[in-house]
Amino acid sequence: MLHRRTVGDVMTEEVVTLRPTTPVQEAAALLDANDIVAAPVVDDGGALVGVVSASDVLRHETGTPDPQGQGGTDERAWSKARARTAGELMSSPVFTARADWTIPRAARELRRRHVKQLPVVGDDGLLTGIVTRSDLLDAFIRPDAEIRGEVEQDVLGRILGMEEGTVAVEAQDGVVTLRGHVPEPRLIPVVVGLCQGVDGVVAVDARLSAGHAG
């Protein structure tokens with residue numbers, strides 16, 4: 001099987017965290033000093049209990065549920081606007097990711113939930129890291145030489161057992177072009193599918209024929 005990079009491969013393990021008792025002003029200062037949009041809130045045992053975002057801080061600073069200063073009737077929102085600690089200000093419960101998630105799954109969840117990052121927790125509920133949009137983008141953007149090497153060595157060589165030089169591989173801007181021959185027609189879609197599964201590949205141009213070179 002190909003090694004597909006996971007959230008655990010790209011996440012940040014050294015995470016700026018808050019405690020429920022952290023004063024709001026200190027939480028705001030930590031977000032600003034570390035140039036981050038949100039910080040997980042953990043209890044004394046390291047379990048994730050919530051998240052404080054820059055939007056939460058803005059609501060608090062304006063003294064209203066809406067950062068633009070509009071009024072609101074939601075009592076919880078008004079309570080957060082009057083919060084004194086991270087525990088009172090935080091959003092909870094929090095949707096979390098797991099370290100064994102694939103990069104595409106994490107990307108889909110970020111998009112679906114309209115968030116820029118996800119805390120990563122283990123089976124015990126303890127915070128193990130945080131994964132951001134930029135982390136996931138970095139995983140998709142790989143050097144062409146690295147992509148080509150994985151296709152040649154892992155897909156064609158290790159998995160399919162083809163002799164070196166049977167299929168020529170080119171990679172440019174994530175587009176993989178295959179030229180050459182495979183033993184049987186049914187292998188062509190297999191080769192294409194495996195190449196599409198390589199991290200960083202955006203398209204596969206298969207110029208392959210079945211049989212041996214004449």
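The dialogue below takes up pockets and then a surface patch.

Author: This is a predicted model: local features need pLDDT of at least 70, side-chain atom pairs count only at pLDDT 80 or more, and totals for chains, interfaces and linings use all residues. Residues are numbered from 1 along each chain as its sequence is written, and side-chain values use heavy atoms, with hydrogens and water left out.

Reader: What volume does the largest pocket have?

Author: Rolling a probe the size of a water molecule over the atoms shows where empty space is left. On a 1 Å grid over the protein atoms alone, a pocket is an open set of points where a 1.4 Å probe fits, with protein on both sides within 12 Å along at least five of seven lines; lining residues have an atom within 4 Å of a point. Here the largest pocket has a volume of about 440 Å³.

Reader: Which residues lie nearest the centre of the largest pocket?

Author: They are A38, V51, S53, V115 and Q117, out of 18 lining residues. Strand 2 (48–53), helix 3 (54–62) and strand 3 (117–121) each give at least two residues to this lining.

Reader: What is the volume of the second largest pocket?

Author: The second largest pocket has about 220 Å³. Its lining has 13 residues, with I36, A38, Q117, I130 and T132 closest to the centre.

Reader: Is L137 buried or exposed?

Author: Exposed means over 50% relative accessible area; L137 counts as exposed because its relative accessibility is 52%. L137, F140 and I141 form a nonpolar surface patch with about 320 Å² of accessible area together.

Technical notes: Patches are made of residues with over 30% relative accessible area and no salt bridge: like charges are joined within 9 Å, nonpolar side chains (Val, Leu, Ile, Met, Phe, Trp, Tyr) within 5 Å. Accessible areas come from the Shrake-Rupley method with a 1.4 Å probe; for residues, only the protein chains shown count as cover. A salt bridge is a side-chain nitrogen of Lys or Arg within 4 Å of a carboxyl oxygen of Asp or Glu. Buried means under 20% relative accessible area, exposed over 50%, partly exposed in between (1.4 Å probe, protein chains only). Grid points are joined across faces, edges and corners, and a volume is the space filled by probe spheres set on the points. Helices (H or I, at least four residues) and strands (E, at least two) are DSSP runs, numbered from the N terminus.
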